[in-house]
Amino acid sequence: MGRCNSVHIGSTGWLRSPARVAVQRGRGGLTGLTILAVVFAVYALVAGRLDRLSITAPMVFMVAGGILGPGGTDLLKVSLSNETTLTITEITLALLLFADAATVPFRDVEDDASLPSRLLFIGLPLTMVLGTVLAYLMEPSIGWAAAALVATILAPTDAALGLSVVTNRAVPARIRRALNVESGLNDGLATPFVTLFLAIVISEESSGTEGWAVAALTQIGLAVAAAVAVGLVGGWLVSWAIAHGWTSGVSEQLAVLSLAVLAYMGSVAIGGNGFVAAFLGGLLFGQATKGRLDGPVEFSETVGLFMSFFVWTLFGALFVGPVLAGQTSWKAITYAVLSLTVVRMLPVTLSLLGLGLRRSTWLFMGWFGPRGLASVVFTLVALEDLHPESAPQSPLVQVATWTILLSVVAHGVTAGPLAARYGARMSALGDVAEMAPAHEQRIRRRALTSRGSHPADTVDPGGEQG
């Protein structure tokens with residue numbers, strides 16, 4: 001990795017150097033943006049048809065970026081020189097973090113929390129550890145901190161890349177719910193670790209070993225304060241205004257969108273980490289409003305989803321095109337393949353032991369851990385802090401690009417067929433742990449309690465301990 005000579009708290013709340021990503025204007029730049037607008041319009045017309053062909057939005061816009069960007073026709077003038085576009089990508093992730101956290105179905109999982117909890121608090125840490133060890137063994141020269149940074153950047157999953165898995169009703173509800181909750185929360189849970197390891201790497205590359213812990217913890221602490229002020233207080237104020245009839249349907253959508261952006265920007269303004277604030281702010285907002293604003297929150301999620309198409313275009317233009325056009329890094333490809341298989345599937349398997357789930361479920365849930373938007377934005381942020389002048393050749397960019405690229409294609413293509421096959425298999429098996437809905441477990445527990453029995457003394461209909 002390269003050496004960072006000037007480090008400071010950047011406008012987004014991350015430690016970074018002055019360089020940024022920018023879309024350059026001018027005749028060529030406007031031509032590229034015009035073509036991109038056409039791609040957006042055409043995609044909107046055929047999205048349903050493409051979904052049936054297992055062609056996802058990230059595939060479309062990643063390819064468009066690769067063709068229009070510097071590695072292709074160079075009609076879309078993007079470069080690592082200004083903060084505007086990077087800020088847009090970060091706000092995109094912040095919106096999605098806030099919306100995902102605000103709509104976590106806690107009520108649905110309160111009686112079946114073991115499944116998503118194990119994925120988040122056993123599977124995710126094990127994935128980070130295993131990914132760190134693999135990165136260090138494959139390239140010891142990068143050091144443990146950089147290896148950990150790579151692993152944490154690539155640990156979060158993105159359900160949008162395998163949407164059929166969480167929307168196909170053939171897949172048992174508790175499996176869909178667990179994967180959806182995991183993908184909604186693990187990017188937020190990974191953010192503090194990305195912040196921490198990035199600060200360590202920067203301190204090492206700046207020939208200094210002091211201050212990284214204070215800087216990272218300060219950012220996280222200030223982010224928590226911003227999250228409480230915006231998510232909890234803001235959620236209470238919105239609820240109060242609704243109760244007194246002061247709002248309209250449109251203004252409620254605007255309120256949620258504004259609070260999501262404010263959680264991010266407010267944290268940045270006081271020196272905190274914007275992503276941590278957006279994630280925690282969303283959780284607190286959801287609790288303050290008791291889930292009564294899921295409709296307005298969905299509007300913010302839709303805005304974030306639309307903005308994410310631009311992020312995928314940027315990923316294709318800045319990373320995929322140049323990496324594919326350059327010299328192939330077999331180490332990066334090998335790590336990518338292992339990251340999507342062993343590094344994900346082994347921790348998931350270990351986290352699910354003892355729940356009575358079948359081996360096919362371990363493999364299914366282990367495979368559907370696609371790497372997506374969070375990994376793209378984390379890579380951009382880390383790159384800007386470390387060595388923007390050598391982006392395509394950077395080991396971090398090579399590994400992240402190949403992992404995300406292979407994930408976009410492999411998970412996008414297999415989501416539909418494997419979800420249908422797995423769902424049909426579970427339906428044929430009938431009374432198995434995967435098919436036991438949470439409400440049946442809740443009813444059984446209440447019945448046992450009313451008879452004076454303790455739930456732990458029996459086995460539930462799904463085969464798990466009560």
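In this predicted model the largest cavity holds about 80 Å³ of space, where a cavity is, on a 1 Å grid over the protein atoms alone, a set of points where a 1.4 Å probe fits but cannot get out. The volume is the space filled by probe spheres set on the grid points, which are joined across faces, edges and corners. Residues are numbered from 1 along each chain as its sequence is written, and side-chain values use heavy atoms, with hydrogens and water left out. Because the model is predicted, local features need pLDDT of at least 70 and side-chain atom pairs count only at pLDDT 80 or more, whereas totals for chains, interfaces and linings use all residues.

**Cavities**

- By this rule the count comes to 4 cavities of 30 Å³ or more.
- The lining of the largest cavity, meaning residues with an atom within 4 Å of a point, is made up of Thr 157, Asp 158, Ala 159, Gly 162, Val 165, Val 166, Leu 179, Glu 182, Ser 183, Phe 368 and Pro 370.
- At least two residues of this lining come from each of H7 and H8, and H8 supplies the largest share, with 3 residues; helices (H or I, at least four residues) and strands (E, at least two) are DSSP runs numbered from the N terminus.
- By class, the lining of the largest cavity has 6 nonpolar, 3 polar and 2 charged residues, with Ala, Val, Leu, Ile, Met, Phe, Trp, Tyr, Cys and Pro counted as nonpolar, Asp, Glu, Lys and Arg as charged, and the others, Gly among them, as polar.

**Pockets**

- The largest pocket holds about 1500 Å³ of space, a pocket being an open set of points with protein on both sides within 12 Å along at least five of seven lines.
- Its lining numbers 50 residues, and those nearest the centre are Ala 159, Leu 163, Val 166, Asn 180 and Glu 301.
- Among the elements that give two or more residues to the lining of the largest pocket are helix H1 (27-52), helix H7 (163-167), helix H8 (173-205), helix H12 (294-325) and helix H17 (395-429).
- The lining of the largest pocket comprises 23 nonpolar, 16 polar and 11 charged residues.
- In the second largest pocket there is about 280 Å³ of space, and of the 15 residues that line this pocket, Glu 139, Lys 331, Ala 332, Pro 395 and Val 399 are the closest to its centre.
- Helix H5 (114-138), helix H13 (330-340) and H17 each give two or more residues to the lining of the second largest pocket, and H17 gives the most, with 4 residues.
- The lining of the second largest pocket divides into 10 nonpolar, 3 polar and 2 charged residues.

**Helix packing**

- The axes of H8 and helix H9 (residues 212-243) come within 9 Å and cross at roughly 150°, axes being lines fitted to C-alpha atoms, for helices over the stretch in contact, with angles from 0 to 180 degrees between N-to-C directions.
- H8 and H9 are therefore roughly antiparallel to each other, since angles under 35 degrees count as roughly parallel, over 145 as roughly antiparallel, 65 to 115 as roughly perpendicular and the rest as oblique.
- In the contact between these helices (heavy atoms within 4.5 Å), the residues of H8 include Pro 192, Leu 196 and Ile 200, and those of H9 include Trp 212, Ala 216 and Ile 220.
- This contact of H8 with H9 has 7 nonpolar, 3 polar and no charged residues.
- H9 and helix H10 (residues 249-269) have axes that come within 9 Å and cross at roughly 165°, and the two helices are therefore roughly antiparallel to each other.
- The contact of H9 with H10 has 10 nonpolar, 3 polar and 1 charged residues.
- H10 and H12 pack at an angle of about 60°, with their axes 8 Å apart, and are therefore oblique to each other.
- In this packing, Glu 252, Gln 253, Val 256 and Leu 257 of H10 meet Pro 296, Val 297, Phe 299, Ser 300 and Val 303 of H12.

**Backbone**

- Ser 54, a residue other than glycine, has a positive phi near 65°, and is found in the loop between H1 and H2.
- Asp 74 is not a glycine either, yet has a positive phi of about 60°; Asp 74 is found in the loop between H2 and strand S4 (78-79).
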